[in-house]
Amino acid sequence: MAARILITADAVGGVWQYATDLACALSPLGFAPTVAVLGPEPNAAQRAPVEAAGIPLIETGLPLDWLCDGPVPVREAGEALAKLVREQGFDLVHCNMPTLAASGAFGVPVVAVAHGCLATWWDAANGTKLPPDYRWQRTLTEQGFRAASRVVAPTAAFAAVIQRTYGLTDLPLAVHNGRRPLCVGKGEPVDCVFTAGRLWDQVKQTRLLDRVAARLPVPFHAAGALVGPHGEQVPADHLEPLGLLSEAELAEWLVQRPIFVSAARFEPFGLAVLEAAAAGCPLVLADLPTFRELWDGAAVFVAPQDEDGFVAAIEAVRADPARRTALGEAAQARAARYTPAAVARDMAALYRDLLEPGATLTRSAAA
């Protein structure tokens, strides 16, 4: 009988794509995945590929930790999820919100995947310790790592950050994220610049990109929300904001192979970069350990705070069509490594190890 895997997800950000792509890729490998949705309900476009693949969705109505004001609702959500696991007989939980594992109440192996966390984000954004009002999130995250059977990170670079931040004895296992290509074929390259992501998030450096846009002779389009869930907002005086795009709308932009730019000064992985690379877009990226790990030799790198450097790099790519084509081809070739099938293969091997008779159910991941 196929092992039943419960994968947690939310419909707000990139975790949705990660979780649902993984679930669809796991089915042919002898697993029976179910996606448990926390936070807001997924829309029809988000549901469609999952339902078409026959993957069950459970809308739990449980809250997301980063939208809570304290630890009690998050602990209660973890306990409710553990009850669901017991009642429906799941064999393993793949937890994309590690705080849910803090109670250690699941009774089955738990894989905690660290896509990001408030403590590491805060350090990158502010360079200071978390304020007292937010420290409960760090505490629950560390408890979740401690209770998990295995901790996973989307890059080796971020795994090292997680280990250092939380004092983990064991280095988290690095399993690169994957994404199915959004585009089929290629259009004629368009002379413009493009970025996508949580534009309101200060570590994405939208303000810097806005200044860069003011200095370019071509449009610089930006897809994503300018206003965050807690009222965070950034101006876009020179960028050309596109708002939130559906997959189909994003594909229409990427198929034109604009120069894709990310100036993020913190990024555990970067699914938007992967989507652009898979479409053959030339990449101009902040020189971060994660981006170097994934894209070294297939992108142009600029120091994260170097406005002049981003302008110069973009203009150099624009001025050299042969280099632009070569960069796009290199990015696309590299993106072929990072697929849902590759993620599913690595995660399936981990699941099998944890489900082997006699395997240790949980082990301390922190000192």
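In the predicted model, Leu-67 is partly exposed, because its relative accessibility is 39%. This residue belongs to the loop that runs between strand S3 (57–59) and helix H3 (71–88). Together with Val-12 and Trp-66, Leu-67 forms a nonpolar patch on the surface, and the three residues share about 240 Å² of accessible area.

Charged side chains were examined next. The structure contains 20 salt bridges. In one of them, the side chains of Glu-307 and Arg-215 come together at 3.0 Å, N to O. This pair connects distant parts of the chain, as the two residues are 92 residues apart. Glu-307 lies in helix H11 (residues 307–319), while Arg-215 is found in the loop between helix H7 (206–214) and strand S9 (220–223). Glu-307 counts as buried because its relative accessibility, 19%, falls under the 20% limit. Arg-215, by contrast, has a relative accessible area of 40% and is therefore partly exposed.

Helix H11 also holds both Glu-315 and Arg-318, three residues apart, or about one turn of the helix. Their side chains form a salt bridge of 2.6 Å, N to O. Glu-315 is partly exposed at 26% relative accessibility, and Arg-318 is partly exposed at 24%. Elsewhere, salt bridges with shared partners unite Asp-21, Arg-179, Arg-180, Glu-247 and Glu-275 in one network.

A further salt bridge joins the side chains of Arg-292 and Asp-296 at 2.9 Å, N to O. Arg-292 is partly exposed, with a relative accessibility of 33%, and Asp-296 is likewise partly exposed, with a relative accessible area of 42%.

How values were computed:
Residues numbered from 1 in each chain as written. Predicted model: local features only at pLDDT ≥ 70, side-chain atom pairs only at ≥ 80, totals over all residues. Heavy atoms only, no water. Patch = residues over 30% accessible without salt bridge, like charges linked within 9 Å, V, L, I, M, F, W, Y side chains within 5 Å. Areas by Shrake-Rupley, 256 points an atom, 1.4 Å probe, with all protein chains shown as cover. Salt bridge = Lys/Arg side-chain N within 4 Å of Asp/Glu carboxyl O. Helix = DSSP H or I, 4+ residues; strand = E, 2+ residues; numbered from the N terminus. Buried < 20%, exposed > 50% of the residue type's maximum accessible area, 1.4 Å probe, protein only.
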